[in-house]
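Take a look at the chain below. We will walk through it step by step, from a single residue to the whole.

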Amino acid sequence: MAITDFRSLLDNESSEESLVPVTLTGHELQELVNPLSCEEFANSHFARTSLSLKGNANKFDHIFNWKKLSQALARGQNILDKRYNIKASFTGGEDSGNSRQMIDADHTQVAELLNKGATICITNIHMADPFLAKWAQAIRTQLNFTGTVGINCYVSPDGSGLPMHYDKRVATTLQIAGKKRWKFSIEPAKAWPDSNEVYIEGETTEDVGKLPPNMEFREVELHPGDLLCLPAGAWHSARGIGFSLALNLYFSPRNLFDQFIPLLHNFAASNGNWRGGPPATTEKAQGVMPPTVAAYMRERLDEFHQKALEIINNADVLADSWLDSLVHAPYTGWQADPLLPIPEVAMDQQFYVLNASLRFIEIQDKLVVPCDQGVLKFPISFGPILQKLSCNLENFTIPEVVSWRQDASSTPNEIMNYLKVLYTNGILKKV
């Protein structure tokens, strides 16, 4: 067994450097899944089948390293939110789990526990690393993912790792340093399961879906720069080789029913039959539901059915619900940047738009743009300019944008005001 002194790896004097403003390129997803295209990743692999990609050893250097881990641990000591936590596991990546549970740990114990052979999991480490928080949010935006995206960190000594289990969310591993041996099922045992499950031979129930003995598995050794993306419900185990430092970029879904509830809320709230519930009755409940109650319930479900048909045929209502889910995610520790002040700029000042940061949908008589602060609304006449901004890869000046208008329905001053809104919300940026 290889011996690693984790004190030396984590001893960066824990000096907190002044935080450099986070710079995103708009290509975070593409850089992550190279050499696949974003489209191929989203349409053929994400949440469907397990995917292993080899990468350049320096591929993730700008995202994370031992020094950034040390600094995150220092910042984490001041985080009181329980969603950020540290746990240790003395398991070895076995094919079948056991009764050994993960134990709570604090920041001062990390190096000692690692040296004793434990795997350390820092849950939601992005809460202690501003770059990771914004990077994860950028990936979420570029995938149009409506759930939660966050990052956990795993550090393992030689031979240490978690036993066979699956997660209820998509787990994407970025190998940062060292090596780790993974064993994983090609497909999920159960699509989007409701809970995480550990496989314990002879004890695991059929409720978890297909069991490992009945599934096809692969094994892969991840090196720095490699990526492994597992769909929710894919069985897997892993153990460090020498040592391992890795990030887990996770995608937790937001239940679709939760997204549909707002569409039906006004209908139910405005209808006395729904507000009042089923009627009181003195009819006997002996063997069957009282006929009055049964008829009432059927009538309400028929109303529900008719309302659902109305929604299906109303694209604007569906789009509004989807856009809302894009900008109102469950809390992840990430916070939107404050609105920017409008600067004084020269006529030749150049600007640019991150190609994945500008999304817009036409709803009724407005163009709706989701952004970190919520949704922005513009008139339909601004559409041609939004379209060109979203596709333009070159820098441009404000007078050039004004010249793109195709008719007189928007004045230059109005266009300038729309551009100011895009700028204050961080979509339009100065070069």
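Where does aspartate 226 lie? Find the loop between strand 9 (217-222) and strand 10 (227-230); aspartate 226 is there. Keep in mind that this is a predicted model.

Is aspartate 226 buried or exposed? Its relative accessibility is 1%. Buried means under 20% relative accessible area, so aspartate 226 counts as buried. Now look at its surroundings. A polar atom of the aspartate 226 side chain lies 2.7 Å from the backbone nitrogen of histidine 223. Further along the sequence there are other partners. Leaving aside neighbours within four places in sequence, aspartate 226 is in contact with Leu53, Lys54, Gly55, Phe60, Thr173, Leu174, Gln175 and Glu221.

Next, move to helix 4, which covers residues 66-76. This helix is mostly covered. Eight of its eleven residues are buried. Among them are Trp66, Leu69, Ala72 and Leu73. Arg75 and Gly76 are also on the list of buried residues. What caps the N-terminal end of helix 4? Asparagine 65 does. One of its side-chain oxygens lies 3.1 Å from the backbone nitrogen of lysine 67.

Now turn to a pair of helices. Two packed helices are described by the angle between their axes and the distance between the axes. Helix 7 (residues 256-269) packs with helix 9 (residues 291-312) at an angle of about 130 degrees. Their axes are 11 Å apart. The crossing of helix 7 and helix 9 is right-handed. Which residues make the contact? Helix 7 supplies Leu263, Leu264 and Phe267, while helix 9 supplies Glu303, Phe304, Lys307 and Ile311. By class, five of the contact residues are nonpolar, two are charged and none is polar.

Stay in helix 7 for isoleucine 261. Its relative accessible area is 38%, so isoleucine 261 is partly exposed. Aspartate 129 is 132 residues away from isoleucine 261 along the chain, and their C-alpha atoms are separated by 34 Å.

Finally, step back to the whole chain. How many helices and strands does the chain have? There are 13 helices and 17 strands. The C-alpha trace spans about 80 × 75 × 40 Å along its principal axes. Of the 431 residues, 45% count as buried. Among contacts with a separation of 6 or more, 80% join residues 24 or more positions apart.

Conventions. Residues numbered from 1 in each chain as written. Predicted model: local features only at pLDDT ≥ 70, side-chain atom pairs only at ≥ 80, totals over all residues. Heavy atoms only, no water. Axes fitted to C-alpha atoms, helices over the stretch in contact; angles between N-to-C directions. Helix = DSSP H or I, 4+ residues; strand = E, 2+ residues; numbered from the N terminus. Left-handed = near helix turned anticlockwise from the far one by under 90°. Contact = heavy atoms within 4.5 Å. Nonpolar A, V, L, I, M, F, W, Y, C, P; charged D, E, K, R; others polar. Buried < 20%, exposed > 50% of the residue type's maximum accessible area, 1.4 Å probe, protein only. Polar contact = N/O pair within 3.5 Å; in protein donor to acceptor, adjacent residues only side chain to side chain.
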